[in-house]
Amino acid sequence: MSSTGDARPFDLLAPTPEHALLQGTLREFVAREVEPQANEHDRSERFNHALFRRAGELGLLGVTLPEEYGGAGLDAVAAVQVCEALSTSDPGFALSVLAHSILFAHNVSVNGSELQRKHVLPRAASGEWIGGLCMTEPEVGTDVLALRTTAKRDGDVYRITGRKTFITNGGVDEKTLGDCFIVYAATEPERSEGGERARRRASSEPKAISSFLVEKGMPGFSLGQKWKDKAGMRASFTAELVFDDVPVPAENRMGEEGEGTLHMMRNLEIERLTLAAMSLGIAQRSVQVMVDYANDRKAFGKPIREFGQIQRYVAESFAEWRSARTFVYDVARRIDLHGSGQRLDADATKLVATQMAKRAADAAMQVLGGYGYMGEYVVSRLWRDAKLLEIGGGTLEAHHKNISRELARNPSMLRD
Amino acid sequence: MKIMVCIKQVPHQDARLDVNGAGTWIQEENIKFEINPYDQNALEAALQLKDKEAGTEVVVVSIGPERVTQSLRTALGMGADRAVHVKDGAADGSDSLGTAKILAAVAKAESPDLIFAGFMSDDGNLAATGPMLATLLGIPHTTTAVSFQKNGAIQVERELEGGALEVVELNTPCLVTTQTGMNQVRYASLKGIMAAKKKPIDVKTVADLGLAGQVGADAAKIKIEKLYTPPKGQGAEILSGSVDEVVGKLVGKIKELGLL
């Protein structure tokens, strides 16, 4: 008996046989199960919980999680494949999958204790639980270190108080809270009245931020308002979560007190990269739709693809999509999921891919004209969805700041 | 129970097909391939049986170059237990009988209780390999199965002309060829994909199977002389108007062309 080994030429999009098989599974899953429900869930602004569990059955929620906890133990390339493929059809659903599997589960996998991993990851990988990440607050966005949610030690528990908003997967419907969340909160020890704490706040020094796992059912933890009438990503559930003196067991703290910022940083690369991957999916579909339409639609007696104006939309969109795709997959293959070192490029992929996708969706709408503007055609949905990726998971401006700062600190990046 | 599933890798349904330079087959460079759709249903039927009967082993068999590994890995990812890959240039150009001889040699070594194969392949469309394989093995067979049950014996509903169905019962060992649409083909889960990494693919040559000189292009009784796209006709004329007008014009045309 012998094995054939792998004699495939190098393929950036599917570097191993496992990636190639995953590509096939994703193609089939998207065509058979994701696409038929996409428009309807966008229209009704409902999260498809059954489809989410189905993705769990297929292993798509635990791509990067260790095999011993129900994951596949695969790499950033596989995570990119999943987010890209789902976004060719239903970016809203893809966003829910990303928030759950990357922002939440992968973060626990990297930053959680063995006990926490054992408790959370199998439930997250199967889709039994739906999770999310609580960072943004009503008055705090990009300047996350200014967050106001507090966690005060009280014997065996921390008492968490505050509000988090724009939380993807905050609920599964109007009445049902999501199952488990990573919550970033300030854990400064209380000092005397007008003491150290007040002084630090006044001087805007960084606070000590810690990460906690907060589960549905903990007293005082509830679903606040659901964000309705979002411009796009309407098939994902976005909510405000309220923490009213929630007693969170000390064993639910991830890492040490004050390590929250480190946890955020550790997860940033894969978060930004997978969000960039979503943009690739949006752009791919936009190009497909505009090419099909340009071939079929006739004006002045010939297919509109023969007009230079249309050719420009098609060709520019295609070339930009392919360039961004190569960049994203190249960074993906270099990212070490348990280390760091690709921060600059991860920021750059999201900066370039998100804007590219918005342009491609816009070009598709322009090529389709009036039909593109109508809700029953997929491009108007893609156009609305594409915008979020320039805001969520790091604004364009945050990427500008990070990239400029990093290049100033480390100019050798420009020499190789 | 052991089930053997015969798989052929064929050009993907979305692949662009061009005739090759020699004008005898299609250009196979740089196109996507997939498991023959009929064979996908055959594999699914086997896997459904495996789901129901503990201890069932599913062995997939394919003939072809290195690229066939991808299809075998897909089958392993979907749940097949192991694979046999007949990878030998000496098998190239085999006709249906040559293919059936190779599969028969594998089947003799494996001694399966049941063999599934697609009713035909998406590229050759000959529908001959399955029945030839059963004949070489001296086992009963039935074709174009649209449903399948095993309650002791094998019961198959098979498709006949004109939408009629026939129910056939066979004893094992036997061979069943499957029609598309007989079942919903599963996709490889990530768990399956990761498990497939550890499943063996047994590579064989024609000589390993004792068939040197008996298969391949030289032994083939059927050879493709020429493959070509039919020349375009003179063009069609579309008649418009109400039904009565169109019928009137059509009758006029038929008379005008002296077709009646």
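**Close-up views of a predicted two-chain model**

Arg333(A) is partly exposed, with a relative accessible area of 47%. The model shown here is predicted.

**View 1. Arg333(A) pairs with Asp330(A) within one helix.** The two side chains meet in a salt bridge, 2.8 Å from N to O. Both residues belong to helix α8 of chain A. They sit three residues apart, about one turn of the helix. Asp330(A) is partly exposed, with a relative accessible area of 22%. The pair is part of a network of salt bridges that links Asp330(A), Arg333(A), Arg334(A) and Asp345(A). Side chains of opposite charge can pair when their charged atoms come close.

View 2. Is Ile335(A) buried or exposed? Ile335(A) is buried, because its relative accessible area is 9%, and buried means under 20%. Leaving aside residues up to four places away in sequence, Ile335(A) touches Ala76(A), Glu269(A), Leu273(A) and Gln342(A). Glu269(A) is 66 residues from Ile335(A) along the chain. Their C-alpha atoms are separated by 7.8 Å.

**View 3. Glu240(A) and Arg163(A) form a salt bridge between two strands.** The side chains meet at 3.1 Å, N to O. Glu240(A) is in strand β9 (residues 238-249) of chain A, and Arg163(A) is in strand β3 (residues 157-168) of chain A. The pair links distant parts of the chain, 77 residues apart. How do the two ends differ in cover? Glu240(A) is buried, at 9% relative accessible area. Arg163(A) is partly exposed, at 41%. Over all chains, the structure holds 41 salt bridges.

**View 4. Glu44(B) reaches Arg186(B) across chain B.** The closest N and O atoms of this salt bridge are 2.9 Å apart. Glu44(B) is buried, with a relative accessible area of 3%. Arg186(B) is partly exposed, with 24%.

**View 5. Helix α2 of chain B is largely enclosed.** How many of the 11 residues of helix α2 (residues 68-78) of chain B are buried? Nine are, so the helix is largely enclosed by the rest of the structure. Among the buried residues are Val68(B), Leu72(B), Leu76(B) and Met78(B). Arg73(B) is also on the buried list, as are Thr69(B) and Ser71(B). Gly79(B) follows α2(B). Its phi is positive, near 135°.

View 6. Most residues other than glycine have a negative phi, and most peptide bonds are trans. Phe300(A) is not a glycine, yet its phi is positive, about 50°. Phe300(A) is in the loop between β11 (298-299) and β12 (302-303) of chain A. Phe300(A) is exposed, with a relative accessible area of 80%. Ser111(B) also has a positive phi, near 45°. Ser111(B) is in the loop between α3 (96-110) and β6 (114-118) of chain B. Ser111(B) is exposed as well, at 54%. Which residues does the cis peptide bond join? It joins Thr172(B) and Pro173(B), with omega at about -5°. Pro173(B) lies in the loop between β9 (165-170) and β10 (174-178) of chain B.

**View 7. Chain A meets chain B.** The contact takes 27 residues from chain A and 21 residues from chain B. The size of an interface is often given as the accessible area lost when the parts come together. Here the two chains bury about 2100 Å² between them. Carbon and sulfur atoms carry 60% of that area. How many salt bridges cross the interface of chain A and chain B? The rule finds zero.

**View 8. Chain B as a whole.** Chain B has six helices and 11 strands. Its C-alpha atoms fill a box of roughly 70 × 45 × 40 Å along the principal axes. Of its 260 residues, 43% count as buried. Among contacts with a separation of 6 or more, 70% join residues 24 or more positions apart. The accessible surface of chain B comes to about 13500 Å², and 52% of it belongs to carbon and sulfur atoms. Chain B has 27 positive and 32 negative charges, and their mean positions are 4 Å apart.

Technical notes:
Residues are numbered from 1 along each chain as its sequence is written. Chains are lettered from A and ligands numbered from 1 in the order in which they are written. Side-chain values use heavy atoms; hydrogens and water are left out. Helices (H or I, at least four residues) and strands (E, at least two) are DSSP runs, numbered from the N terminus. Buried means under 20% relative accessible area, exposed over 50%, partly exposed in between (1.4 Å probe, protein chains only). Contact means heavy atoms within 4.5 Å. Accessible areas come from the Shrake-Rupley method with a 1.4 Å probe; for residues, only the protein chains shown count as cover. Lys and Arg count as positive and Asp and Glu as negative; His and the chain ends are not counted. The place of a charge is taken as NZ of Lys, CZ of Arg, CG of Asp or CD of Glu. Buried area is the accessible area (1.4 Å probe) that two parts lose on being put together, summed over both. A salt bridge is a side-chain nitrogen of Lys or Arg within 4 Å of a carboxyl oxygen of Asp or Glu.
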